[in-house]
Amino acid sequence: MNREALEAGGVDVQGALDRMMGNEKLLARLLGKFLDDKSFEHLEAAFASQDAEAALNTAHTLKGVAGNLSVTTVYELAGRQCDLLRAGSPDEAAALMPQLGEAYRAAQDAIRTGV
Amino acid sequence: MDATHENAEHAISNTILIVDDEDINREILANLFEDEFQIEEAENGVVALQKVLTRPQEYCAILLDVVMDQMDGLQMLEHLGKAGIIEHVPVFLITAETSSDVTKEAYERGVMDVIRKPIVPFVVKRRVESVIELFQARRRLSYVVEDQRSELIRRAEQIIELNRGMIESLSTAIEFRDGESGGHVRRIHDITKLMLLRTELGDGLTARQVDDIALASIMHDVGKIAIPDAILGKPGRLTPEEFEVMKTHTIQGERMLSRIPQLRATDVYEYACDIARHHHERWDGGGYPDGLKGDEISIWSQIVSLADVYDALTNKRVYKAAFSREESLRMIQDGECGVFNPLVLECFLRIEPDVNDLYEALQAEGAEA
């Protein structure tokens with residue numbers, strides 16, 4: 001596992017390992033699953049169809065998964081979207097999408113090379 | 001865990017159910033607990049609820065995500081509450097939610113604790129495991145209490161049965177000496193109980209007192225053990241001297257009973273002594289041993305003396321043949337066996353058809369045996 005590559009992609013490796021009780025194999029496997037996770041695509045679709053409720057639910061799910069894997073960049077942005085959506089500002093939440101997309105792809109690339 | 005205290009019926013559940021639509025989240029939680037617990041997973045509330053409702057005994061905790069496609073965590077909580085499962089299986093809400101609304105609602109619906117995502121392993125483990133331990137200890141304790149309680153009841157019932165059995169055996173043994181078949185004490189018991197339960201004679205007595213009096217009636221003739229065989233088994237009429245000896249079975253009976261300390265400690269004792277001593281007294285003072293008159297004789301002794309006479313008349317005895325039912329009733333009403341309290345007599349005549357049914361039933365039973 002290439003820690004530096006992962007950390008450059010926004011993954012707090014130590015934080016994630018602590019959460020898995022130091023189980024590196026489990027972390028590697030779950031990061032692999034994160035590559036197949038559809039939450040981000042669902043979030044894009046929700047904003048595209050301007051479904052604020054679906055957007056909130058998916059952003060919430062993405063926040064949970066990213067948080068548990070310590071993909072901190074994605075976790076923070078998804079969390080901010082949740083707050084904005086709950087506060088009734090769907091446009092401001094949608095405006096975060098390019099930034100979130102960038103963080104998400106960076107994390108994916110890092111996982112592909114780092115795991 | 002101490003396995004020796006467990007049996008199939010009282011097995012302590014050891015399975016944690018993890019409910020989350022993201023398998024990544026489920027695996028992280030499973031990884032924390034799989035060394036000490038069995039883990040089951042469900043990807044939504046519908047599947048989870050199905051599992052819990054089918055086998056509620058199996059789960060020691062439920063870790064529940066809030067946001068799920070099919071039935072979210074709060075809805076599932078409501079179902080668990082309605083099914084009465086929440087009191088027995090602690091539910092933990094695991095959520096990335098930071099709003100206090102959801103937390104408040106979850107607590108209102110009976111959730112044990114709310115744990116934040118991303119999870120902090122030692123916090124989750126500590127909080128979940130201590131609650132599981134508490135619930136398991138509570139359940140184990142309730143099993144122990146329940147076991148002890150049923151064991152105590154079983155033993156108490158056994159002792160009561162044994163007492164009754166011994167009293168009956170003793171009384172029947174005495175009857176055998178008398179040349180009786182053994183049914184006499186049983187019939188006296190039943191008549192006494194019928195009289196107390198079915199007529200106003202039992203007014204003011206509790207069910208327990210009625211049982212005690214009926215049990216005491218069984219011992220009315222225990223004094224006969226002190227009467228010589230020659231008198232007890234004499235086929236004909238007793239001489240006046242012999243009759244004097246025979247009469248002492250009342251006093252002898254009371255004396256015998258008073259020497260059983262275990263009996264003295266029970267509520268049956270007073271009734272048993274009274275009945276043993278006074279079941280040959282008569283309403284007009286013409287009975288023995290004390291020549292008591294009217295209300296000086298307890299109602300239970302009056303009942304037993306009438307039952308005793310009726311039973312003696314209608315059955316064959318060593319000194320006489322059995323009289324018919326009609327003849328027996330006529331003899332009693334005409335005062336040929338001494339004078340009875342008119343009220344007791346009236347009550348007896350009222351229930352006498354039932355007594356007769358009882359006799360026929362007992363006879364059929366005896367014939368079968």
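Reader: Ground rule first: two residues are in contact if their C-beta atoms, placed from the backbone, lie within 7 Å. In chain A, what share of the contacts with a separation of 6 or more comes from residues 24 or more positions apart?

Author: They account for 60% of those contacts. Note that this is a predicted model: local features need pLDDT of at least 70, side-chain atom pairs count only at pLDDT 80 or more, and totals for chains, interfaces and linings use all residues. Residues are numbered from 1 along each chain as its sequence is written, and chains are lettered from A and ligands numbered from 1 in the order in which they are written.

Reader: OK. How many helices and strands in chain A?

Author: Eight helices and zero strands. From the N terminus on, the order is α-α-α-α-α-α-α-α. Helices (H or I, at least four residues) and strands (E, at least two) are DSSP runs, numbered from the N terminus.

Reader: And how much of chain A is buried?

Author: 43% of its 115 residues. Buried means 20 or more other C-beta atoms within 10 Å of the residue's own, exposed means 12 or fewer, and partly exposed is in between, with C-beta atoms placed from the backbone.

Reader: At what angle does helix 5 of chain A pack on helix 1 of chain B?

Author: About 40°, with the axes 9 Å apart; helix 1 of chain B is residues 23–33. Axes are lines fitted to C-alpha atoms, for helices over the stretch in contact, and angles run from 0 to 180 degrees between N-to-C directions. That angle makes helix 5 of chain A oblique to helix 1 of chain B. The classes: under 35 degrees is roughly parallel, over 145 roughly antiparallel, 65 to 115 roughly perpendicular, and the rest oblique.

Reader: Left-handed or right-handed crossing?

Author: Left-handed. A crossing is left-handed if the near helix is turned anticlockwise from the far one by less than a right angle, and right-handed if clockwise.

Reader: Which residues meet there?

Author: Gly64(A), Val65(A) and Asn68(A) meet Ile24(B), Asn25(B) and Ile28(B).

Reader: Now a helix pair inside chain B. How do helix 2 and helix 3 of chain B cross?

Author: At roughly 20°, with the axes coming within 10 Å; helix 2 of chain B is residues 45–54. The two are therefore roughly parallel. This crossing is right-handed. Gly45(B), Ala48(B), Leu49(B) and Val52(B) of helix 2 contact Gly73(B), Gln75(B), Met76(B), His79(B) and Leu80(B) of helix 3.

Reader: Why does His79(B) count as partly exposed?

Author: Because it has 18 C-beta neighbours inside 10 Å. His79(B) lies in helix 3 of chain B, residues 73–82.

Reader: Cores next. Which residues touch the most other members of the largest nonpolar core?

Author: Val74(A), Ala61(B), Ile62(B) and Leu63(B), in a core of 70 residues. Helix 6 of chain A (residues 72–86) gives the most to this core, with seven residues. A nonpolar core is a set of buried Ala, Val, Leu, Ile, Met, Phe, Trp, Tyr and Cys residues joined through C-beta atoms within 7 Å.

Reader: What does Val74(A) contact, leaving aside neighbours within four places in sequence?

Author: Gly10(A), Leu62(A), Ala66(A), Leu100(A), Ala103(A), Tyr104(A) and Ala107(A). Apart from that core lies another, of 39 residues, including Ile188(B) and Leu306(B).

Reader: What is phi at Ser70(A)?

Author: About 55°, positive although Ser70(A) is not a glycine. Ser70(A) is in the loop between helix 5 and helix 6 of chain A. Ser70(A) counts as buried because it has 24 C-beta neighbours inside 10 Å.
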